[in-house]
Amino acid sequence: MLTAEERQEIEAEMARYPTKEAVCIDAMKIVQRHRGWVSDDGIRDIGELLGMSPADLDGVATFYNLIFRKPVGRHVIMLCDSVSCWIMGYDRLRAHLTGRLGIRFGETTPDNRCTLLPIVCLGACEGAPAMTIDNNLHVNLDPDKIDKLLEECK
Amino acid sequence: MTLEKPLTKDIPQDGRGLDLEGYQRADGYQALRKALRNMTPQKVQEEVKDSGLRGRGGAGFSTGTKWSFTPMGADAPRPKYVIANADEMEPGTFKDRYLMEGNPHGLIEGMILAGYANQSDVAYIFVRGEYKLSQERLARALAEAYSAGYLGKKILDSDYSLEMYLHVSAGRYMCGEETGLLNALEGKRANPRAKPPFPPVSGLFGKPTIVNNVETLANVPHIINHGAAWFQSLSRTKDAGTKLYGASGKVKRPGLWELPMGSTMREVVEDHAGGMLDGLRFRGALPGGASTDFLTEQHLDVPLDFTEVQKVGSRLGTGTMVVLDDQTCPVGMTRNLIHFFAQESCGWCTPCWSGLNWAEQILDALEDGGGKPGDMEKLEFQTKFWDPSHTFCALAPGAAEPLQSALKYFHEDFERHITEKGCPFRS
């Protein structure tokens, strides 16, 4: 069941669009913000409010890479793998990050601390290589800087 | 003569965004007052058309012409929509982020003017999810604009009303494609739509919809304030205005500069970006993001505008270039680009989802030592299927551009990957 807070936030979005269906992406983001990810229960809860089938919602959810249909760790790290960052040393940073965390892209550390994902161009090419941690941007990365940032991920 | 930089001159250098007070001090919202008091919607459309403003998202279509397709008058379907495409996700591109963070009101005023010109009722700013600072600054600016009476019912006591909302996307490059964006706003997968009908006639929820890029819209207040002739005088070539040019890759000072339209790659790379890092030579560049053909040393003095870049076989695109140096592998760079397009294909058109994956596998093999004679011909063959007559949208045609030009300009590097069984740059 949607919490009162989730429901209230989703209903506030409804005022901005002429159809209920149009709110579904925002609704999934709202549920994700509260629960960390969008589970099958989350999909069902949203579907009931918006009058959409779980299949329709899942079709939308799986299209968008910022909607998580699997649990993620306390911190989500997204390393830019697009062209400017690749030129500026993405391969080395990827090797460093996967080594430090002991996981590959798409995985979460066993202590549930970090999930590591690739991301397309973050629009920070003047500061390449770049990544985000919990949607906060970090630029001009090198292995030392990454180590310091990882220390802050508790 | 000092260079005129209408888009960036008022952006504080210390990283703070321009708030409403600062924007108003810099003549902000004067164009809106002028239009609402003294200009009909048709007159605003004409001024923008006469200015020669062309779409800064990459396609370069005349903004005024796009607007002229909107059904006007009492019989026009309602509500009509105006949308800012702020889903900047073209690899190598970071210009719209700079404008939204630095001067969010400039975009908002441009959107209200576009809304007035097309008599739109509702506006959405479609911003990508990763642009957190842009979202914060736009949200604050929207609140400021509403409380100052620039948005909402009867704007500045005129008869014109416009509601404007911020939509934060949940990802995918396809959302930047005009009709994919419309589907995303409707809560669907961002697949492209068949055209015609074009969005100005039938767009969001089937209603007339104008979709313009952030930089395009940010130019509109200045055109209304200073006129079409002034806007044309900013440029060195026939394509009017200034342009935000950028450079990334192994240059000394990667960054972004507002320069007269028609500035050259040599000026951007050598004068503004400070040249290549020590010990490296310039080998080529994607002039305007991932989906533009490589240009090389012979093109350094080509004026970077829509018309002239097209004459030498590429596109201005977003105007933010990605520079290739002589110690970075052009085959590896092309593999990275094709990986991006293959991943971001929405799966709607077969030449795109199938062909891009096939090409990526060949490029992987070339880089990893499994390249075979005939691979280049196979890649060349694939690009022929990625043209606009075979696909609904410009994703695959965009992917063809860096690949076909890499095969042309870096032919020997591809050969060496086959004969030397791997990437010669990795040794």
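The model is predicted. The contact between the chains draws 38 residues from chain B and 31 residues from chain A. Chain A has an open sheet of 4 strands, and chain B has an open sheet of 5 strands.

**Contact between chains A and B**

- Chain B contributes 38 residues to the contact and chain A contributes 31 residues.
- On the side of chain B that touches chain A, at least two residues each come from β5 (242-249), β6 (255-260) and α13 (330-344) of chain B.
- The largest share of that side belongs to α13(B), with 5 residues.
- Sorted by class, the side of chain B that touches chain A holds 17 nonpolar, 11 polar and 10 charged residues.

**Sheet in chain A**

- The strands of this open sheet follow the order β2-β1-β3-β4 (chain A), and their pairing is mixed.
- β2 (114-119) and β4 (136-138) of chain A are at the edges, and each has a single partner strand, so one side of each lacks a neighbour in the sheet.
- From one strand to the next, the twist averages 25 degrees.
- Strand β3 (residues 131-133) of chain A runs antiparallel to β4(A), and 3 bridges join the two.
- A:Met131 has A:His138 in β4(A) as its bridge partner.
- Helix α6 (residues 90-101) of chain A packs on this sheet and touches β1 (75-80) and β2 of chain A. The direction of α6(A) makes about 160 degrees with that of β2(A).

**Sheet in chain B**

- The open sheet of chain B has the strand order β6-β5-β9-β7-β8, again with mixed pairing.
- Its edge strands are β6 and β8 (295-296) of chain B, each of which pairs on one side only.
- β5(B) and strand β9 (residues 320-325) of chain B run parallel and are joined by 4 bridges.
- B:Gly246 finds its bridge partner in β9(B) at B:Thr320.
- β5(B) and β6(B), which are part of this sheet, also supply residues to the side of chain B that touches chain A.

**Packing of α2(A) and α3(A)**

- Helix α2 (residues 24-35) and helix α3 (residues 40-50) of chain A pack at an angle of about 140 degrees, and their axes are 10 Å apart.
- Because of that angle, α2(A) is oblique to α3(A).
- The crossing of α2(A) past α3(A) is right-handed.
- From α2(A), the residues A:Cys24, A:Ala27, A:Met28, A:Val31 and A:Arg35 meet A:Gly42, A:Ile46 and A:Leu50 of α3(A).
- This contact has 6 nonpolar, 1 polar and 1 charged residues by class.

**Packing of α6(A) and α7(A)**

- The axes of α6(A) and helix α7 (residues 143-151) of chain A cross at roughly 35 degrees and come within 10 Å.
- α6(A) passes α7(A) in a crossing that is right-handed.
- A:Leu93, A:His96, A:Leu97 and A:Arg100 on the α6(A) side meet A:Pro143, A:Ile146 and A:Leu150 on the α7(A) side.
- Divided by class, the residues of this contact are 5 nonpolar, 1 polar and 1 charged.

**Buried helix in chain B**

- Helix α5 (residues 95-102) of chain B is mostly covered, with 8 of its 8 residues buried.
- The buried residues of α5(B) include B:Lys95, B:Asp96, B:Arg97 and B:Glu101.
- Also buried in α5(B) are B:Tyr98, B:Leu99, B:Met100 and B:Gly102.

Note on methods:
Residues are numbered from 1 along each chain as its sequence is written. Chains are lettered from A and ligands numbered from 1 in the order in which they are written. This is a predicted model: local features need pLDDT of at least 70, side-chain atom pairs count only at pLDDT 80 or more; totals for chains, interfaces and linings use all residues. Two residues are in contact if their C-beta atoms, placed from the backbone, lie within 7 Å. Ala, Val, Leu, Ile, Met, Phe, Trp, Tyr, Cys and Pro count as nonpolar, Asp, Glu, Lys and Arg as charged, and the others, Gly among them, as polar. Axes are lines fitted to C-alpha atoms, for helices over the stretch in contact, and angles run from 0 to 180 degrees between N-to-C directions. Angles under 35 degrees count as roughly parallel, over 145 as roughly antiparallel, 65 to 115 as roughly perpendicular and the rest as oblique. A crossing is left-handed if the near helix is turned anticlockwise from the far one by less than a right angle, and right-handed if clockwise. Two strands pair if DSSP finds at least two bridges between them. A residue is buried if 20 or more other C-beta atoms lie within 10 Å of its own, exposed if 12 or fewer, and partly exposed in between; C-beta atoms are placed from the backbone.
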